[in-house]
Structure formats: C-alpha cells, structure tokens
Amino acid sequence: MQLVLASSSPRRVSLMQDLGFEFTQVKPDIDESVVPGELPVDYVGRLAEEKALMGLSLAGVQEPLVVAADTIVVIDGNILGKPTSKDHGMQMLRTLSGREHEVLTGLCVTGGGETETEVVSSRVRFRDLSPGEIEQYWDSGEPSDKAGAYGIQGLGSIFIESIAGSYTNVVGLPLSHLHLMLRRHGVNCLAGNKAGVGAGDEKVSEEVKDSRYG
C-alpha cells in the first residue's frame with residue numbers, strides 16, 4: 001500500500017509529516033454544499049468520505065491507502081465554514097466570543113476495497129474578544145481560510161480559554177483516531193519505519209479488532 005493524503009490543507013500535511021509518514025498529496029475538489037436538513041455530523045462525515053473516494057481516483061499510485069478529512073465549527077446548530085469576506089469572518093468571531101462551540105472533523109480512510117469513516121468532536125471555549133482584537137486578528141490574514149475564522153495552532157490560540165477533547169482534531173486531523181484507523185489497515189505509526197505502511201504485525205491487527213473502535 002502507498003499512503004495518500006487527499007487534502008489541500010497545509011496543516012494536515014504538517015501533522016502527517018510529524019508522524020514520520022512518507023505520502024503523496026492530492027487535492028480533491030468536491031461540492032461542499034449542505035444538503036437541506038442535513039445534520040452537521042452527517043455533513044462533515046459525508047464530505048470526508050467524498051474527498052477520500054475522489055482521492056482514490058487522483059492517487060496515481062498502485063494500491064493507494066487514502067486519508068481524507070473535513071473540519072467544521074458548529075455553534076447553535078449552525079455550521080461555520082470558511083469566511084467568504086472580512087465582514088463574514090468578523091461576524092463569526094463575534095459569534096464565538098465568550099462562548100463554547102463544537103469542532104467536528106470527519107475522518108475517512110479508504111483502500112483495498114474497504115472504507116471507514118468516523119466523526120470526531122471537540123469542544124472549545126473562547127474568552128470574550130474586544131472589537132479591536134477581532135479587527136486586528138482578521139487583518140493578520142490567519143482567519144481567511146479557516147473554518148470558524150480562526151486557527152488554534154496560530155494567533156487564534158490566544159483566544160482559547162479551554163478545550164475538551166482532541167487538540168489535533170481542532171487543528172484539522174485527530175491523530176489518535178487516525179492512528180487507530182490506519183492500524184486496522186495495516187499501518188503502524190509506531191513501527192519505526194518512515195512510511196509506516198506494512199510495518200504492522202498480525203498481533204497488532206488482532207488486538208485492534210477487539211478495540212472500542214473496531
């Protein structure tokens with residue numbers, strides 16, 4: 001198997017590199033419109049799976065194992081995607097100010113005729129933000145391409161009062177969950193080779209079958 005990341009996100013690329021993986025990156029282009037009546041958890045899971053399946057067709061390698069993800073911010077039942085303008089982004093930040101919101105990441109791994117999709121949730125609380133802080137943060141350029149108009153791994157971290165759940169989920173790729181999913185496909189992040197692919201053993205595979213996520 002050859003590992004493929006179906007994502008245009010530099011943050012996801014960085015997280016995969018932190019695990020020591022050698023992988024190919026492809027950039028799927030899908031329709032991200034919300035289906036009427038679709039719940040946020042269903043929406044983000046569907047997008048991750050669609051990205052992964054498109055990644056299979058774009059991979060251009062033999063026996064690809066594709067990883068794809070999609071991350072959204074949800075507050076009051078509403079999905080906050082990437083801002084479309086300065087006014088839109090600043091309104092998002094005003095909505096998040098002083099409140100708790102949910103970050104959902106749909107995570108999909110597909111290859112060898114098997115597709116597995118999971119949705120991971122974290123809860124993040126912002127402190128109260130002043131109008132000046134919101135203006136300055138937008139002008140930094142960081143929020144413009146991020147769901148919810150903030151990046152927890154950058155300047156946006158100064159607004160975070162607390163997190164419940166996976167930090168890397170908020171960044172955009174929940175690594176603990178990804179590791180368990182990859183192990184079920186024969187990839188072991190702890191195996192000691194750079195690619196990790198094919199480095200697992202039969203004992204590891206059997207152990208994971210009995211896990212909570214199996």
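This briefing describes the fold, confidence and selected local features of one protein chain. The structure is a predicted model, in which local features require a pLDDT of at least 70 and side-chain atom pairs count only at pLDDT 80 or more, while totals for chains, interfaces and linings use all residues. Residues are numbered from 1 along each chain as its sequence is written, and side-chain values use heavy atoms, with hydrogens and water left out.

**Confidence**

- The average pLDDT (the predictor's confidence in each residue, from 0 to 100) is 88 for the chain, and 89% of the residues score at least 70.
- Residues 192-214 have a pLDDT below 50; in the model this stretch has 35 contacts (heavy atoms within 4.5 Å) beyond near neighbours in sequence.

**Overall architecture**

- The chain contains seven helices and seven strands, defined as DSSP runs numbered from the N terminus, with helices being H or I of at least four residues and strands being E of at least two.
- Read from the N terminus, the order of elements is β-α-β-α-β-β-α-β-β-α-β-α-α-α.
- Of the 214 residues, 47% count as buried, meaning under 20% relative accessible area with a 1.4 Å probe and protein chains only.
- Among contacts between residues at least 6 apart in sequence, 65% join residues at least 24 apart.
- The chain exposes about 10300 Å², of which carbon and sulfur atoms supply 48%; accessible areas come from the Shrake-Rupley method with a 1.4 Å probe, and for residues only the protein chains shown count as cover.

**Strand 1 and its partners**

- Strand 1 (residues 2-6) is largely enclosed by the rest of the structure, because four of its five residues are buried.
- Strand 1 runs parallel to strand 3 (residues 64-75), to which five bridges join it; DSSP must find at least two bridges between two strands for them to pair.
- In this pairing, Gln-2 stands opposite Pro-64 of strand 3.
- Strand 1 also pairs with strand 2 (residues 24-26) in the parallel sense, over three bridges, and here Leu-5 stands opposite Gln-25.
- A right-handed β-α-β unit is formed by strand 1, helix 1 and strand 2; right-handed means that, with the strands pointing away from the viewer, the path from the first strand over the helix to the second runs clockwise.

**Met-16 in helix 1**

- Met-16 lies in helix 1 (residues 10-18) and counts as buried because its relative accessibility is 0%.
- Leaving aside residues up to four places away in sequence, Met-16 touches Leu-3, Leu-5, Phe-21, Phe-23, Leu-173 and Leu-178.
- Met-16 and Leu-178 are 162 residues apart along the chain, with 9.9 Å between their C-alpha atoms.

Conventions:
Buried < 20%, exposed > 50% of the residue type's maximum accessible area, 1.4 Å probe, protein only.
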